[in-house]
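This report describes selected features of a protein model. Please examine the sequence and the structure shown below before reading on.

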Protein chains: 2
Amino acid sequence: MDIMENLGPLALGSSLKRLSDQLMQDGIRVYRELGIDFEAKWFPVFYYLRNEGPTTVTELSRAIGVSHPAIIQIAREMISANLLAVYRDVSDKRKRVLALTSYGKSKAQELEPVWQAIRIVLQELLNEAGSEILNELSGLEKALQKRGFHQRFLDHSGKS
Amino acid sequence: MDIMENLGPLALGSSLKRLSDQLMQDGIRVYRELGIDFEAKWFPVFYYLRNEGPTTVTELSRAIGVSHPAIIQIAREMISANLLAVYRDVSDKRKRVLALTSYGKSKAQELEPVWQAIRIVLQELLNEAGSEILNELSGLEKALQKRGFHQRFLDHSGKS
DNA sequence: AGTTATTACGTAATTAGTTACATATTAACC
DNA sequence: GGTTAATATGTAACTAATTACGTAATAACT
């Protein structure tokens with residue numbers, strides 16, 4: 001009977017936000033309770049660098065889909081935690097390249113089994129709720145890319 | 001080939017966040033371009049009050065799923081915009097009841113067709129991407145409610 | 001009725017991001 | 001080669017939320 005549960009499509013935004021916030025909290029809790037000195041929000045940067053090697057700020061920003069000041073801030077924290085080092089690109093002095101330190105690489109090994117457990121839990125949740133969710137979410141992103149919300153809105157509100 | 005697209009289940013969080021941020025931006029843009037003096041983030045409070053009538057801070061917080069300081073802040077803005085009025089509950093002086101002003105109610109009438117257009121666009125997007133998304137997302141929330149992420153994680157990482 | 005616990009609200013500090021703007025370097029073009 | 005445009009980074013101010021904490025009012029218990 002809760003009115004907020006009967007929003008239909010209008011509930012999409014809230015629903016996405018609640019779930020995403022929830023998962024982030026869960027991530028934070030996992031690292032905290034395992035006593036691992038790692039912040040959930042570092043994950044995308046860390047994971048990308050581990051898999052792709054040294055990368056510039058802008059390239060990380062583009063790949064991960066957050067603003068470059070966000071990357072700078074996360075990088076600053078990870079540098080304090082000794083996970084990351086920075087150097088200037090020799091051939092283009094504008095660029096600052098971020099790379100895992102050797103300590104960062106060992107941290108990656110420590111984290112791998114945790115990620116694996118998280119993967120399994122998420123997969124279990126996805127199976128329980130409908131295993132097509134990932135595909136459908138990515139379909140949603142693609143649909144938005146093909147014709148953005150704004151364009152669709154105009155098409156529908158414009159007098160035919 | 002983008003590494004961030006091949007995270008599998010680990011992509012769930014990022015994917016949810018990107019989409020939710022995107023939709024919020026789209027909402028903001030719609031109101032702005034239509035020249036309507038209304039903020040997208042007011043929607044849940046506004047919509048709830050319009051449908052359910054006067055409601056206390058805590059009840060709104062619970063219904064919408066956001067902290068009570070967030071409600072207070074949003075309410076403050078909506079009061080400045082003349083959409084909301086507050087009064088103390090007579091039988092329980094701790095409670096502050098929020099209610100739409102008559103201007104707020106007329107604003108609701110102005111907004112209804114906009115919401116209708118948004119509903120249609122979202123429904124179209126959902127159909128394009130897999131019309132079960134809403135059900136599956138709510139299934140995901142239910143699954144998490146039934147047995148939280150943390151409990152599931154322990155079950156999987158605990159030595160059998 | 002008096003003590004204790006709970007609930008409701010408010011404020012302050014913090015968090016995690018954003019946009020807007022400034023500067024340095026490089027690329028493009030004539 | 002000099003001027004103009006574009007790119008990469010950095011900083012500042014802002015935004016929208018959170019958690020932590022404090023106080024007033026009510027409820028529960030004896």
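## Helix α2 of chain A

Helix α2(A) is followed by G53(A), which has a positive phi, near 80 degrees. The model is predicted: local features need pLDDT of at least 70, side-chain atom pairs count only at pLDDT 80 or more, and totals for chains, interfaces and linings use all residues. Residues are numbered from 1 along each chain as its sequence is written, while chains are lettered from A and ligands numbered from 1 in the order in which they are written.

Helix α2 of chain A covers residues 43–52, and F43(A), P44(A), V45(A), F46(A) and L49(A) are buried in it (20 or more other C-beta atoms, placed from the backbone, within 10 Å of a residue's own). Helices are DSSP runs of H or I with at least four residues, strands are runs of E with at least two, and both are numbered from the N terminus. The buried residues of α2(A) pack against β1, α3, α4 and β3 of chain A, together with α1 of chain B.

## Helix packing between the chains

Helix α5 (residues 102–129) of chain A packs with helix α6 (residues 133–146) of chain B at an angle of about 125 degrees, their axes lying 8 Å apart. Axes are lines fitted to C-alpha atoms, for helices over the stretch in contact, and angles run from 0 to 180 degrees between N-to-C directions. This angle makes α5(A) oblique to α6(B) (under 35 degrees is roughly parallel, over 145 roughly antiparallel, 65 to 115 roughly perpendicular, and the rest oblique).

On the α5(A) side, the contact is made by L125(A), E128(A) and A129(A); on the α6(B) side, by E136(B), G139(B), L140(B), A143(B) and L144(B). Contact requires C-beta atoms, placed from the backbone, within 7 Å.

Methods:
Buried ≥ 20, exposed ≤ 12 C-beta atoms within 10 Å, placed from the backbone. Contact = placed C-beta atoms within 7 Å.
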